[in-house]
Amino acid sequence: MPSLASRLSVIKPSATIAISDRAAALRAQGIDVISFGVGEPDFPTPAHIREAAKTAIDKGATKYTRVRGIAPLITAIQDDCEKRRGVRPGADDIVCSVGAKHTLYNLAVALFEPGDEVIIPAPYWVSYPEQVLLVGATPKIVETREEDGFLLRPDALEKAIGPKTKGLILCSPSNPTGGAYSEDKLRAIAAVLAKHPNVWVIVDEIYAQLVYGGFQQRSLLSIAPELRDRLVIVDGASKTYAMTGWRMGWMIAPKALCDACEMVQSQSTTNPTSFVQHATIAALQGDKAELDAMVREFEARRDLMVSGLNGIAGISCRVPEGAFYAFPSVKGLIGRKTADGAVLADDVAVASWMLEEAKSAVVPGSAFGAPGYVRLSYATSRELISAGVGRIAAAVKTLR
């Protein structure tokens with residue numbers, strides 16, 4: 001067969017998908033596996049959103065639209081941004097795409113090229129460095145510390161910025177850690193960035209409405225107006241409205257960058273799915289009672305999972321501020337032996353052992369640039385959380 005493009009050699013398949021596939025393979029064999037792998041709400045998409053899509057289809061919303069999205073959707077995003085962030089972007093400052101991941105890919109294509117460096121704090125979402133690599137640029141990984149909430153420190157950012165730095169990618173609340181930046185921490189990051197006007201700032205806020213315990217979510221868009229000519233907010237409907245499969249994301253950014261991303265998208269997907277745009281309008285404009293209930297349930301699940309994990313010898317877990325992930329340290333399990341004498345050499349081995357022995361699927365922290373940890377999603381029922389964490393606890397007792 002003719003050769004594949006050499007650019008594929010620098011990227012890796014998604015570790016979360018790999019874990020999910022292995023768990024599915026075990027289930028296909030009739031084995032009961034509890035999955036804490038993929039970050040996807042287990043709640044149904046609210047009925048009024050589903051109905052809006054059906055109505056749109058019946059009314060003929062099945063054709064091409066503008067590449068960046070229909071005008072009523074742009075208006076709905078403007079209204080939502082003004083309500084939540086206190087800033088109303090212009091209609092030309094928004095581009096809708098086929099999911100937030102697609103938005104991030106468009107940004108990578110439009111902004112980064114060989115010779116550029118992009119600062120990415122670790123732990124990071126698995127696709128950030130891979131998308132940077134795919135366009136020939138270089139991810140510059142900056143480690144964070146658990147005692148700092150896995151957040152990028154201003155001094156570490158200052159040290160990382162160099163003559164080749166083209167961008168910074170932040171995620172708040174974070175996938176995989178659930179850590180989130182307070183207003184004070186964002187202001188400290190903004191103070192560093194203000195000294196480096198050639199650095200684009202991309203903030204992934206896909207989990208921004210999923211915060212708990214009274215945490216006050218803020219955005220650089222509202223507190224750092226001096227950055228707006230190079231600030232990008234990435235958002236979408238997937239997590240907030242349980243619309244992962246619908247694939248709807250968007251960017252809020254300066255017009256020139258939006259125009260560039262629209263051009264990139266015009267040569268790939270063209271517009272996001274037409275009737276999904278109408279469903280997203282309903283999500284943004286409709287009643288938020290189901291969202292509020294989902295957030296309350298996620299908080300209860302978070303507390304249940306973190307408490308359970310902290311009750312297992314060799315595992316420790318900080319309480320995340322948002323998203324729906326726990327990111328416990330399993331360093332206390334590394335080096336121990338399983339019942340059959342195998343040594344758990346690293347977090348990858350721990351995750352594999354948990355899947356095979358405890359029939360609980362977790363993702364190794366190494367996939368996120370954080371060896372010694374694992375990620376568990378609590379976007380599943382309390383019953384399954386209790387059962388899965390219980391299985392892990394029982395399995396840990398068999399280690400030597």
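Which residues does Ser172 touch, not counting residues up to four places away in sequence? In this predicted model, Ser172 touches Gly179, Ala180, Tyr181, Asp204, Glu205, Ala208 and Gln217, where contact means heavy atoms within 4.5 Å. Ser172 is found in the loop between strand 5 and helix 7 (183–193); helices (H or I, at least four residues) and strands (E, at least two) are DSSP runs, numbered from the N terminus. Ser172 is buried, with a relative accessible area of 5%. Buried means under 20% relative accessible area, exposed over 50%, and partly exposed in between, with a 1.4 Å probe and protein chains only.

Residues are numbered from 1 along each chain as its sequence is written, and side-chain values use heavy atoms, with hydrogens and water left out. Because the model is predicted, local features need pLDDT of at least 70 and side-chain atom pairs count only at pLDDT 80 or more, whereas totals for chains, interfaces and linings use all residues.

The chain has 13 helices and 12 strands. Its radius of gyration, taken over C-alpha atoms, is 21 Å, close to the 21 Å that the globule rule gives for 400 residues, so the chain is as compact as a globular protein of that length. The globule rule is 2.2 Å times the number of residues to the power 0.38. Along the principal axes, the C-alpha atoms fill a box of roughly 60 × 55 × 55 Å. Of the 400 residues in the chain, 54% are buried. Among contacts between residues at least 6 apart in sequence, 73% join residues at least 24 apart.

Two strands pair if DSSP finds at least two bridges between them. Strand 9 and strand 12 (residues 374–377) pair in the antiparallel sense over two bridges, and Ser377 in strand 12 is the bridge partner of Tyr325.

Empty space was then examined. Rolling a probe the size of a water molecule over the atoms shows where empty space is left. On a 1 Å grid over the protein atoms alone, a cavity is a set of points where a 1.4 Å probe fits but cannot get out, and a pocket is an open set with protein on both sides within 12 Å along at least five of seven lines; lining residues have an atom within 4 Å of a point. Grid points are joined across faces, edges and corners, and a volume is the space filled by probe spheres set on the points.

The largest pocket holds about 510 Å³ of space. Its lining comprises 25 residues, of which Gly39, Lys101, Trp125, Lys239 and Arg247 are the closest to its centre. Helix 1 (15–28), helix 4 (100–111) and helix 5 (127–134) are the elements that give two or more residues to this lining. By class, the lining of the largest pocket has 10 nonpolar, nine polar and six charged residues; Ala, Val, Leu, Ile, Met, Phe, Trp, Tyr, Cys and Pro count as nonpolar, Asp, Glu, Lys and Arg as charged, and the others, Gly among them, as polar.

The volume of the second largest pocket is about 330 Å³. Lys12, Pro13, Val126, Ser127 and Glu130 are the closest to its centre among the 18 residues that line the second largest pocket. Helix 5 supplies the largest share of this lining, six residues, and the lining divides into 11 nonpolar, four polar and three charged residues.

Two cavities of 30 Å³ or more are present in the structure. The largest cavity contains about 120 Å³ of space and is lined by 15 residues, with Pro121, Pro123, Cys171, Ser174 and Tyr181 nearest its centre. Strand 3 (117–122) and strand 5 (165–171) are the elements that give two or more residues to the lining of the largest cavity, and strand 5 gives the most, with three. This lining has 12 nonpolar, three polar and no charged residues.

In the second largest cavity, the space amounts to about 60 Å³. Residues lining the second largest cavity include Leu104, Phe112, Ser127, Gln131 and Ile202. Helix 5 gives the most to this lining, with four residues. By class, the lining of the second largest cavity has eight nonpolar, two polar and no charged residues.
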